[in-house]
Amino acid sequence: MDASHRGLLLNRLADIIERDSVYLAELETLDNGKPYAVSYTVDLPNVVKCFRYYAGWADKWEGKTIPIDGDYFCYTRHEPIGVCGQIIPWNFPLLMQAWKLGPALATGNTVVMKVAEQTPLTALYVASLIKEVGFPEGVVNILPGMGPSAGAAIAKHMDVDKVAFTGSTEVGHLIQQASGSSNLKKVTLELGGKSPNIILSDANMDDAVEQSHFALFFNQGRTYVQADIYDEFVERSVERAKRGVVGNPFDLKTEQGPQVDQEQFNKILGYISSGKTEGAKLMCGGGVAADRGYFIQPTVFGDVQDNMTIAREEIFGPVMQILKFKTLEEVVTRANDTKYGLAAAVFTKDIDKANYVSNGLRAGTVWINCYDVFGAQAPFGGYKASDHKNCKPPPGTTSAHSLSDIWLLSEP
Amino acid sequence: MAQNGTTENGVAEDGPSALTFPKPVKVQDIRHTMIFINNEWLTSTSGRTFPTLNPATGVKICDVEEADKDDVDKAVEAAKAARQRGSPWRRMDASSRGRLLHKLADLMERDRLLLATLETMDTGKPFLQSFFIDLDGSIKTLRYYAGWTDKIHGKSLPVDESFVCLTKHEPVGVCGAIIPWNFPLLMFMWKIAPALSCGNTVVIKPAEQTPLTALHVGSLIKEAGFPPGVVNIVPGFGPTAGAAIASHMDIDKVAFTGSTEVGQLIKEAAAKSNLKRVTLELGGKNPCIVFADCDLQLAVEETQKGAFYNQGQCCTAASRVFVEESIHDEFVRRSIENAKKIVIGDPLDPRTSHGPQIDRQQFDKIMDLIESGKKEGAKLEYGGAAVGEKGLFIQPTVFSGVKDHMRIAKEEIFGPVLCIFSFKSQQKVIERANSSQYGLVSAVFTTNMDRALSVSAALETGTVWINCYNALHAQTPFGGYKMSGNGRELGEYALAEYSEVKAVTIKLSETL
């Protein structure tokens with residue numbers, strides 16, 4: 001098939017996902033619990049954009065001709081890896097499916113994908129769209145199932161040439177090991193994070209509070225606040241958390257839905273409990289938000305210390321930990337003191353401080369005056385145990401600095 | 001322009017079944033004949049119009065508003081305004097620019113039959129070629145560049161001392177484009193697609209012989225939702241509208257496809273005015289080298305397509321075919337046999353594979369060169385005359401025994417004339433192939449891989465085709481060495497011609 005035709009098929013897939021986005025958003029909310037307003041206005045459009053972005057790459061993934069010594073004609077071709085196993089998580093089911101399928105199909109691979117057992121429905125619907133669009137048989141295969149059975153089978157399969165996994169660091173270790181003990185298949189991992197969010201004293205306070213609250217629901221780990229604005233920030237964050245609307249995800253006013261299942265629910269409550277026993281100051285929330293389902297109140301802990309469990313381990317729930325710092329040098333050191341390195345953020349108006357902090361942080365993405373800005377165009381991946389690529393990543397993909405509107409380097 | 005070879009050899013005598021071939025539409029009247037500025041249709045400032053003719057019949061199709069300097073000024077103002085700081089085009093996400101380009105491609109698919117019909121009426125090229133090759137290439141070029149818009153990367157650079165150093169690839173600005181009559185729609189897309197992909201705005205002058213498809217696309221550009229002023233179309237003549245573009249002080253770049261002579265004028269005008277950036281796609285006198293170890297039938301068919309496609313009106317025309325001595329006679333014999341299959345006729349008829357030349361001026365030039373071939377002693381093997389007493393049809397013509405000093409060996413003919421030369425030595429034929437002021441394309445026919453690679457390394461042309469001809473793709477750069485042009489179109493390479501690099505260097509204090 002012409003590379004450009006692969007691109008055409010991916011564009012058509014984007015079109016019909018867009019066509020069915022109301023249904024897909026409802027299904028996503030039903031299966032995952034995220035508010036429908038978010039599924040429809042954030043997840044679905046980003047899924048569509050992701051497929052369209054990679055559709056454009058299909059016939060542009062170029063090799064080179066190379067002037068080597070001697071009478072030789074030397075050139076590289078960028079060929080598909082082959083059969084790609086893909087194991088995706090439950091927190092962004094559709095989006096994770098798009099992030100995996102987009103680049104794999106654009107570059108001509110075929111796929112065996114295991115979707116999360118908690119949230120298989122939207123991926124399976126997309127499979128029907130893949131057939132409708134006209135992808136040849138066998139190009140995309142989707143298996144709903146469990147990690148230890150179906151997932152492990154993929155990770156150690158002798159005929160799978162690469163496995164891509166998004167999930168916990170623990171399971172990432174297992175997958176990496178399985179590759180080593182089977183056929184040395186290529187491995188890419190997007191794992192956990194304990195992302196530091198650093199608020200400097202000259203930050204725009206409104207922005208910082210709002211973005212930090214919003215970040216609670218997206219892998220945000222630790223909020224470091226400079227001493228002289230600490231009290232105000234905590235007070236305003238608590239006030240914001242108390243205003244958070246937790247409820248039926250199909251209600252358009254709801255900002256926060258339930259956690260995805262009993263296991264996660266219990267785990268988060270466990271962390272909250274450890275926060276209390278280890279001496280963090282519970283400022284608001286800290287309990288169950290409804291008498292059925294897996295709803296947890298937006299929770300804020302102040303006076304958190306670096307060695308507390310809630311400061312070190314990934315909670316994956318609506319729990320904010322606020323820590324105090326004095327100097328820039330100190331906060332960069334403390335922020336880097338973690339086995340993770342997925343993302344980070346810094347809020348400041350000072351160009352020099354923004355550069356110092358962002359260049360000093362060992363994280364795959366640094367957001368400046370914003371949080372969770374993703375574009376299909378920008379690479380996303382972690383340092384250290386947040387990520388592993390055992391092939392050399394293309395230049396420019398090991399770290400991404402995303403700048404918010406405040407930092408336009410040239411006016412449009 | 002990748003050829004699939006289905007149309008040149010004509011069709012079965014009982015004609016095509018109604019189901020198998022697309023058909024031209026009946027064009028009652030031409031809807032778009034005015035100047036397109038700011039998504040509006042305007043009459044010319046001077047009040048003048050000019051006719052556009054159907055070269056197959058000599059009959060006028062319609063009159064078109066004639067743009068001159070004042071209209072170009074208006075168009076440039078619109079293009080400038082459309083990209084000023086804060087404008088919709090400027091603030092638009094790169095990915096949204098891509099959506100618009102895809103939307104335009106969709107609309108061209110919708111109007112494909114109409115566009116192919118208009119193209120054939122205006123140029124004389126056979127309808128099935130318009131439909132399957134010109135329209136296909138145009139749509140694919142748009143979609144290719146639609147995919148690039150949000151992948152135009154700058155870099156972050158590891159400079160000495162404490163700086164953060166970044167490059168941004170920004171639009172050049174207002175791009176002027178002057179395009180020829182041989183592939184009106186395709187050339188239109190080769191210009192606007194990369195220009196718009198990079199975020200520029202455009203003032204484009206289609207050829208005076210062939211304005212119609214460009215103007216119809218203007219209506220689609222508006223329908224697709226491009227903001228006003230992003231694309232402006234100014235039909236008119238070279239010495240007036242074209243010259244106004246080349247020397248305009250507010251046009252940041254000009255792209256021209258046409259003759260080498262005019263290319264030189266444009267480059268001078270660009271330099272004299274505001275040093276606008278210039279890219280040129282000019283003429284060629286393109287050599288094919290056919291080695292004895294080639295697939296002979298393939299070589300005969302490909303070189304013939306190369307010489308006669310579009311009635312020879314291609315910058316890529318295979319105008320010098322060097323054939324190794326030992327297969328020369330057989331090559332000539334087969335070329336004549338192959339030429340007999342060509343069907344001359346009404347371009348709208350699906351059986352036709354050869355239409356008229358574009359106008360009287362071209363016709364006369366080609367006939368003059370054919371006569372010179374006879375006079376200077378080349379052997380006329382086939383054709384060599386006009387078809388009928390009036391009209392612009394010329395028979396596909398084959399000369400053998402051509403010598404390097406003859407006019408037909410040196411001058412660009414731009415007509416259906418295949419010139420066959422003989423050679424013995426590989427070294428010498430490479431020198432002969434390279435001894436031209438031109439250097440656009442070349443082709444090598446051989447089954448020996450080593451020879452293919454080493455000969456292609458030696459040829460001084462922007463494209464080398466091996467065992468094929470006219471294999472053009474949206475993904476592959478195209479352009480000339482020497483006086484065949486400056487710069488490259490298509491592929492990723494074209495993006496550089498439509499971008500300006502800005503380096504931003506930020507001081508980092510070391511004291512923190």
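Reply: Between domain 1 of chain A and domain 2 of chain A there is one residue pair in polar contact, with both residues at pLDDT 80 or more. The model is a predicted one, and the values below are computed from it. Salt bridges between domain 1 of chain A and domain 2 of chain A number zero.

On the domain 1 side of this boundary in chain A, the elements that supply two or more residues are helix H2 (21-32), H3 and strand S16 (400-403). H2(A) gives the most to that side, namely five residues. Sorted by class, the side of domain 1 of chain A that touches domain 2 of chain A holds eleven nonpolar, 13 polar and four charged residues.

As for the extent of the boundary, 28 residues of domain 1 of chain A are in contact with 31 residues of domain 2 of chain A. The two domains of chain A bury about 2,300 Å² between them, and carbon and sulfur atoms give 62% of that area. The assignment places residues 3-191 + 386-410 in domain 1 of chain A and residues 195-368 in domain 2 of chain A.

The interface between the chains follows. Here 25 residues of chain A and 28 residues of chain B take part in the contact. The area buried between chain A and chain B is about 2,300 Å², with 58% from carbon and sulfur atoms. The count of salt bridges between chain A and chain B is zero, while six residue pairs, both members at pLDDT 80 or more, are in polar contact between these chains. On the side of chain A that touches chain B, two or more residues each come from helix H1 (3-19), helix H3 (36-57) and helix H13 (351-360) of chain A. H13(A) contributes the most to that side, with six residues. By class, the side of chain A that touches chain B comprises nine nonpolar, seven polar and nine charged residues. Helix H3 of chain A is therefore named on both surfaces, since it supplies at least two residues to the side facing chain B and at least two to the side of domain 1 facing domain 2 of chain A.

Chain B has a domain boundary of its own. Its assignment gives domain 1 (35-282) and domain 2 (286-473), with 31 Å between their C-alpha centres. The contact draws 23 residues from domain 1 of chain B and 24 residues from domain 2 of chain B. These domains of chain B bury about 1,800 Å² between them, of which carbon and sulfur atoms give 64%. Within domain 1 of chain B, the residues that lose the most area to domain 2 are B:Pro55, B:Pro126 and B:Trp181, together 27% of what that side buries. Helix H4 (112-123) and helix H5 (127-148) of chain B each supply at least two residues of the domain 1 side, and H5(B) provides the largest share, five residues.

Notes:
Residues numbered from 1 in each chain as written. Chains lettered and ligands numbered in written order. Predicted model: local features only at pLDDT ≥ 70, side-chain atom pairs only at ≥ 80, totals over all residues. Heavy atoms only, no water. Contact = heavy atoms within 4.5 Å. Buried area = accessible area lost by both parts, 1.4 Å probe. Salt bridge = Lys/Arg side-chain N within 4 Å of Asp/Glu carboxyl O. Polar contact = N/O pair within 3.5 Å; in protein donor to acceptor, adjacent residues only side chain to side chain. Helix = DSSP H or I, 4+ residues; strand = E, 2+ residues; numbered from the N terminus. Nonpolar A, V, L, I, M, F, W, Y, C, P; charged D, E, K, R; others polar. Domains from an automatic or database assignment.
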